[in-house]
Each structure stands twice: as structure tokens, then as C-alpha cells.
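Me: I've got a new model open and want to talk it through. Can you walk me through what's in there?

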Amino acid sequence: MDFRILGPLEVIAGDRALTLGGGRQRKLLAILLLHLNEFVSTERLMEDLWGEQRPDTASKALQGYISQLRKALAPDSLVTRPGGYVLRLAPGELDVDRFEQLVDGAREAEPHVAAEKLREALALWRGPPLADFAYDEFAQSEIARLEERRLVALERRVEADLALGRHAELAGE
């Protein structure tokens with residue numbers, strides 16, 4: 001599976017996008033993706049999903065969203081722990097992980113290799129990160145962090161292209 005948050009939230013299985021349900025179920029998945037392979041308490045999930053306007057049925061609704069996500073995702077990727085959940089994915093299943101690996105791989109590389117890796121990393125972006133959740137408090141710090149990382153990658157790619165003498169190609173940028 002391919003999980004994408006460098007743009008609107010998407011989950012791709014093979015050659016098709018999965019239907020992720022309504023807004024809160026999508027938001028739940030986004031929260032879990034931001035805490036990939038980490039324990040997230042049910043209390044925190046309910047706080048992030050409903051804030052101060054939590055309904056009396058929030059716990060039951062959360063269990064329903066978790067159940068629906070389990071059906072949509074790979075078996076055993078969403079693990080229940082006492083008091084919360086852990087979303088487990090293989091390395092590289094999340095686009096942010098692939099982006100970070102490519103950017104890190106370009107750090108000490110020769111300009112030609114660095115430019116190629118950074119181009120590949122930047123090509124993973126399909127729009128603003130977590131675009132569906134631009135106004136949700138739970139996503140704000142990660143959106144800011146990812147935007148900064150994208151700008152750094154872009155600057156480093158331009159520097160690598162300049163080092164390769166691609167001045168004319170960069171004039172438009």
C-alpha cells in the first residue's frame with residue numbers, strides 16, 4: 001500500500017485509490033499516520049477528532065472508525081493496545097518516509113546524483129501537505145515542518161543544478 005500525505009490524503013492499493021470513508025475517519029487515519037509506529041491513546045485521538053465538542057458517543061464512534069479502517073487497510077497494520085492504537089507500516093509505505101530518505105541520500109552525494117534524488121523527492125509532492133487538514137490543529141506543526149523540508153530540498157536541488165552548470169534551465173524557476 002502507498003500512503004500519501006504530501007498533498008491530499010490518499011491510500012493507494014495496487015492501481016486503485018481506496019475509499020476512506022467520511023471526514024472523521026480520514027482525519028483519524030491522518031492522525032495515526034503522523035504518529036506512525038507510535039502508540040496513540042484513545043483520549044488523544046478523541047481530542048484531535050472532536051476537540052472540546054466531543055459527543056457522548058465519541059468512544060463508540062472512534063471504535064467504529066477504527067473498525068472501518070481495519071477493513072480498508074492491510075491486515076494487522078492497525079494494532080490495538082490497552083488504551084490506544086498503533087498504526088504499523090513497512091518502511092517506505094508513507095510518501096513522507098520516501099521523501100526524507102531521498103533528501104537524506106542527496107546530502108553527501110555528488111551534484112548529479114543529488115539533483116536527481118532531490119527531483120525524485122520533490123516529485124512526490126501533489127500539493128500542500130495534509131491539504132485536507134490545513135485548518136485542523138492536529139496537523140499544523142507537521143504541515144509547517146514538511147513545508148520547510150520541501151523548501152530546503154528545493155534550494156538544495158537548485159544548488160546542485162547550478163553546480164552542474166544548468167544556469168539557463170534554472171532561469172525560469
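Predicted model: local features only at pLDDT ≥ 70, side-chain atom pairs only at ≥ 80, totals over all residues.

**Talking through the model**

Me: OK, electrostatics then. How many salt bridges does a search of the whole structure find?
Reply: The search finds 17 salt bridges. One of them is between the side chains of R54 and E43, at 2.8 Å from N to O.

Me: Where do R54 and E43 sit in the chain?
Reply: R54 is in the loop between α2 (42-50) and α3 (58-72), while E43 is in helix α2. They're eleven residues apart, and the pair links distant parts of the chain.

Me: With which other residue does R54 form a salt bridge?
Reply: With E47, where the closest N and O atoms are 3.8 Å apart.

Me: And how exposed are R54, E43 and E47?
Reply: R54 is partly exposed, at 28% relative accessible area. E43 is partly exposed too, at 44%, and E47 comes out as partly exposed with 41%.

Me: Now R157. What does R157 form a salt bridge with?
Reply: D161, with the closest N and O atoms 2.7 Å apart. R157 and D161 both lie in helix α6 (residues 140-163), four residues apart, which is about one turn of the helix.

Me: Are R157 and D161 buried or exposed?
Reply: R157 is buried, and D161 is as well.

Me: Switching to the greasy part. Which residues touch the most other members in the largest nonpolar core?
Reply: L28, L29, L32, L33 and L87, in a core of 49 residues.

Me: Which elements each supply at least two residues of this core?
Reply: Helices α1 (23-34), α2, α3, α4 (95-106), α5 (111-123) and α6 each do, and so does strand β6 (84-87). The largest share is from α1, with six residues.

Me: Zoom in on L32. What does L32 touch, not counting residues up to four places away in sequence?
Reply: L32 touches V40, L45, I66, L69, L78 and L87.

Me: Next, the sheet. What's the strand order in the open sheet of three strands?
Reply: The order is β4-β6-β5, and the pairing is antiparallel. The edge strands are β4 (39-41) and β5 (78-81), each pairing on one side only. From one strand to the next, the twist averages 30°.

Me: How many bridges join β5 to β6?
Reply: Four, with the two strands running antiparallel. As one example, T80 has Y85 in β6 as its bridge partner.

Me: Which helix packs on the sheet?
Reply: That's α3, which touches β5 and β6. The direction of α3 makes about 145° with that of β5.

Me: Aromatics next. How many aromatic pairs does the structure hold?
Reply: There are three aromatic pairs. One of them, W50 with Y65, is stacked: 6.3 Å centre to centre, with 25° between the planes.

Me: Why does the W50 and Y65 pair tie together parts that are apart in sequence?
Reply: Because W50 lies in helix α2 and Y65 in helix α3, the pair ties together parts that are 15 residues apart in sequence. Both W50 and Y65 are buried.

Me: Is L130 buried or exposed?
Reply: L130 is buried, with a relative accessible area of 1%. So that's a buried L130, while N37 is partly exposed.

Technical notes: Residues numbered from 1 in each chain as written. Heavy atoms only, no water. Salt bridge = Lys/Arg side-chain N within 4 Å of Asp/Glu carboxyl O. Buried < 20%, exposed > 50% of the residue type's maximum accessible area, 1.4 Å probe, protein only. Core = buried A, V, L, I, M, F, W, Y, C linked by side-chain atoms within 4.5 Å. Contact = heavy atoms within 4.5 Å. Pairing = 2+ DSSP bridges. Axes fitted to C-alpha atoms, helices over the stretch in contact; angles between N-to-C directions. Phe/Tyr/Trp six-rings, centres within 6.5 Å; stacked < 30°, edge-to-face > 60°.
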